[in-house]
Amino acid sequence: MRWAGQQLDAETPGTLPGLGLIAGLVRSVTTPEFQGITFHEVVARSALNSVPGNGLPFNWTVNPYRGCTHACRYCFARPTHKYLELDTGQDFDRQIVVKTNVADVLRRELARPSWNHEQVALGTNTDPYQRAEGRYRLMPGIIDALASSGTPLSVLTKGTLLRRDLGLLSAAASEVRVGIGISLALGDEELRRRLEPGVPSVRGRLDLIRAIRDAGLPCGVMVAPVLPWLTDSADQLDHLFGQLSEAGATGVTTLILHLRPGVKDWFMSWLARDHPDLVSRYESLYAHGSYASPSYRKAFEDKARPLLDKHGFGRGSSHRSKPPNGMHPKPPTGVLNGHRTTSGWGESADELLPEPESASSAETASASGARTESASRAGAESASRAGADVSNASVSDPATDRFRHPPARRSRPARPATPIQEALF
């Protein structure tokens with residue numbers, strides 16, 4: 001089929017302001033099935049995104065979508081939409097970029113002699129199993145490409161659509177290491193509807209955990225974000241951890257709400273409307289940056305640790321996730337990026353919140369635990385200028401060309417497994 005919007009050297013009426021002149025945009029689509037949502041289909045030039053530095057347990061990611069219909073008020077990826085001259089609020093929820101050829105491009109990249117079969121993480125930026133995946137079905141091709149090439153992979157999602165691909169993931173696990181993580185933080189269904197309206201129900205995700213375990217796969221859970229004074233009481237945590245244990249989760253991480261620039265205003269506007277009595281407390285708690293005060297984090301750790309132990313999610317418990325095929329990671333060090341850990345994945349909110357692809361070294365430092373707000377701001381501005389990971393799907397940019405082709409890497413000694421790796425594997 002020929003599309004009228006396929007002309008690549010002219011502005012396409014009605015498309016994103018930042019994408020109209022970018023080669024690779026095929027068309028913008030609206031459909032009654034997704035009222036209020038516009039899909040912007042692009043032809044990607046690359047699929048693999050390099051994560052600079054060693055602050056995270058993976059060096060490569062694949063993000064088939066940009067923007068997310070989960071519409072979580074607290075989503076840390078919201079600032080990536082600034083490059084498209086869109087806002088980080090409703091536009092992030094409703095203007096979704098789709099890399100329609102991502103699986104084919106990925107196969108070509110994985111076939112290069114320079115590819116070292118390092119772990120590839122899915123779901124580090126926006127959710128690969130958001131509702132759009134039901135329409136575009138990009139994940140089966142991505143999973144097959146990775147497994148067929150002998151590349152280990154991990155998936156982090158809130159989307160129950162992952163159940164569709166359990167057979168494929170099980171088959172992949174017989175060839176490579178496969179880690180699966182489910183994000184489930186809000187046990188209160190009414191709060192979930194108000195704060196993350198596009199996310200599947202609590203019951204639906206608990207059932208998904210059971211299905212993953214029935215398929216013989218490990219399933220870690222991220223209780224993220226924990227919301228101060230809304231979801232952080234001992235009773236609430238005790239109840240949620242009990243549900244996760246009963247569902248068969250193989251590891252649990254608690255991550256406290258992280259409010260970086262571009263996200264904080266959007267979240268605080270919701271808080272002012274739904275919980276005005278908490279606004280001043282949040283302003284005080286996050287007065288010095290994106291992270292809750294150290295005293296709060298310490299108090300939360302002291303509260304959460306015994307509850308995790310109670311439900312079998314402490315260190316050394318039988319609920320620890322184990323890799324398939326008899327592969328076992330090295331034991332944890334007990335410290336991740338300079339922070340004590342409360343559970344299988346670590347305590348600090350930045351350990352599983354990598355900066356957008358094409359991030360600057362300042363962003364990488366932030367993701368590695370260096371909590372310097374000026375560095376984070378500089379990194380966010382750099383990512384916006386570089387175009388985050390959508391630049392990979394469009395115009396040539398010297399600042400990001402180094403991410404287009406996986407470079408040959410010299411062999412490096414294996415690093416000790418971090419709590420993140422243990423939970424996913």
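Student: Before we look at anything else, what is a salt bridge, and how many does the structure hold?

Tutor: A salt bridge is a side-chain nitrogen of Lys or Arg within 4 Å of a carboxyl oxygen of Asp or Glu. Side chains of opposite charge can pair when their charged atoms come close. In this model, which is predicted, the structure holds 16 salt bridges.

Student: Which residue forms a salt bridge with Lys-158, and how far apart are the closest N and O atoms?

Tutor: Lys-158 pairs with Glu-196, and the closest N and O atoms are 3.6 Å apart. This pair links distant parts of the chain, since Lys-158 is in the loop between strand 8 (153-157) and helix 5 (166-173), while Glu-196 is in the loop between helix 6 (189-195) and helix 7 (202-214), 38 residues apart.

Student: Is Lys-158 buried or exposed?

Tutor: Lys-158 has a relative accessible area of 10% and is therefore buried, the cut-off for that word being under 20%. Glu-196 is buried too, with a relative accessible area of 1%.

Student: Which residues are linked in a network of salt bridges?

Tutor: The network links Glu-190, Arg-193, Arg-194, Arg-273 and Asp-274.

Student: Now I would like to turn to the rings. How many aromatic pairs are there, and how should I describe one?

Tutor: A pair of aromatic rings is described by the distance of the centres and the angle of the planes. The structure holds nine aromatic pairs. In one of them, the rings of Trp-229 and Tyr-282 have centres 5.7 Å apart and planes at 75°, so this pair is edge-to-face. Trp-229 lies in the loop between strand 10 (220-226) and helix 8 (234-247), and Tyr-282 in helix 10 (residues 279-285), so the pair ties together parts that are 53 residues apart in sequence. Trp-229 counts as partly exposed at 31% relative accessibility, but Tyr-282 is buried, at 1%.

Student: Is the pair of Tyr-296 and Phe-300 stacked or edge-to-face?

Tutor: That pair is stacked, because the planes stand at 15°, with the ring centres 6.5 Å apart. Both residues lie in helix 11 (residues 294-310), four residues apart, or about one turn of the helix. Trp-229, Tyr-282, Tyr-296 and Phe-300 are among the members of one aromatic cluster, which also includes Phe-267.

Student: What lies over the face of Trp-229?

Tutor: Arg-281 lies there, at 4.1 Å from the ring centre. In another case, the charged end of Arg-73 sits over the ring of Trp-266, 3.9 Å from its centre.

Student: Which residues touch the most other members of the largest nonpolar core?

Tutor: In soluble globular proteins, nonpolar side chains tend to be buried together. Here the largest nonpolar core has 92 residues, and Ile-142, Leu-244, Phe-267 and Tyr-282 touch the most other members. If residues up to four places away in sequence are not counted, Leu-244 touches residues including Leu-184, Val-221, Val-252 and Phe-313. A second, separate core of five residues includes Val-42, Leu-84, Leu-86 and Val-97.

Technical notes
Residues numbered from 1 in each chain as written. Predicted model: local features only at pLDDT ≥ 70, side-chain atom pairs only at ≥ 80, totals over all residues. Heavy atoms only, no water. Phe/Tyr/Trp six-rings, centres within 6.5 Å; stacked < 30°, edge-to-face > 60°. Helix = DSSP H or I, 4+ residues; strand = E, 2+ residues; numbered from the N terminus. Buried < 20%, exposed > 50% of the residue type's maximum accessible area, 1.4 Å probe, protein only. Lys NZ or Arg CZ within 6 Å of the ring centre and 35° of its normal. Core = buried A, V, L, I, M, F, W, Y, C linked by side-chain atoms within 4.5 Å. Contact = heavy atoms within 4.5 Å.
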